[in-house]
Amino acid sequence: MSRLHRTGVMAAALVVAALASGCGIRTTSVPVDAGPAPSRVPCDVSGEEVATRTTGIAVRVFLVCGSQLDAVDRRSPLQEEKANGDPVRTASALLAQLQSEPSESEQRAGFSTAVKGPLSVLGGRGGDPADTLRLSRQPEDLTATALSQIVCTFAESSVGAGDDSVVLGGPGGYPPRRYRCTTEVRQRPDAAVPAEAAPKAAPKAAPKPSAS
């Protein structure tokens, strides 16, 4: 290759490199049409549909919507007279609602549930605090989102232990723990649910001897 030819090739390469360097992304004051902004999930069920549900007792459950927990009002087929004063019945009705698939309107609004069956709930056993509920699976074995839904739904209902908390245990011999439904849990249900040791049940007083 002659010197003149090599010089021409190098000059052409420099021109191409200069053109390429000028094709970078530059700021511009001209508006760019990037299309419509992404629509936000409404996370709101039509009030008219809720109003048409007249059978059963009114319950509130926490479902997943937009990566957060939002409360949804529903009607449970459980009769009110059976729910009053029976926390296990009430907890069972709430758990059934969490395991059921969201309605069409709830799905359109962006709601879903991470609580999958089979899953049931019973009362506490001897030595448990009086407000203990025991699930058929160990709470720690559930997904974080499913446990968040259960904790917030129970804690916000009559079966809660007060202070936005609920005492839950599993089928094994592990002691129950107090789980809290905090603002962080509702905003990040996929994170660990705060839990602490539940206070032990007070020992029963020994019966007094009968007077002779």
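The questions below go through a helix pair, a strand and some loop residues.

Modeller: This is a predicted model, where local features need pLDDT of at least 70, side-chain atom pairs count only at pLDDT 80 or more, and totals for chains, interfaces and linings use all residues. Residues are numbered from 1 along each chain as its sequence is written, and side-chain values use heavy atoms, leaving out hydrogens and water.

Biologist: Are α4 and α6 parallel, antiparallel, perpendicular or oblique to each other?

Modeller: Helices (H or I, at least four residues) and strands (E, at least two) are DSSP runs, numbered from the N terminus. Helix α4 covers residues 87-99 and helix α6 covers residues 144-155; they pack at about 140°, with axes 10 Å apart. Axes are lines fitted to C-alpha atoms, for helices over the stretch in contact, and angles run from 0 to 180 degrees between N-to-C directions. Under 35 degrees counts as roughly parallel, over 145 as roughly antiparallel, 65 to 115 as roughly perpendicular and the rest as oblique, so α4 and α6 are oblique.

Biologist: Which residue is the bridge partner of Val121 in β5?

Modeller: Two strands pair if DSSP finds at least two bridges between them. Strand β4 (residues 121-123) runs antiparallel to β5, with three bridges joining them. The partner of Val121 is Leu135.

Biologist: Which residue in β6 does Arg134 stand opposite?

Modeller: Three bridges join β5 to strand β6 (residues 165-169), and these two run parallel. Opposite Arg134 stands Gly169.

Biologist: Is Gln138 buried or exposed?

Modeller: Gln138 lies in the loop between β5 and α6. Buried means under 20% relative accessible area, exposed over 50%, partly exposed in between (1.4 Å probe, protein chains only). With a relative accessible area of 14%, Gln138 is therefore buried.

Biologist: Is Ser67 buried or exposed?

Modeller: Ser67 is not a glycine, yet its phi is positive, about 65°. Its loop lies between β1 (57-65) and β2 (68-76). The relative accessibility of Ser67 is 58%, so Ser67 is exposed.
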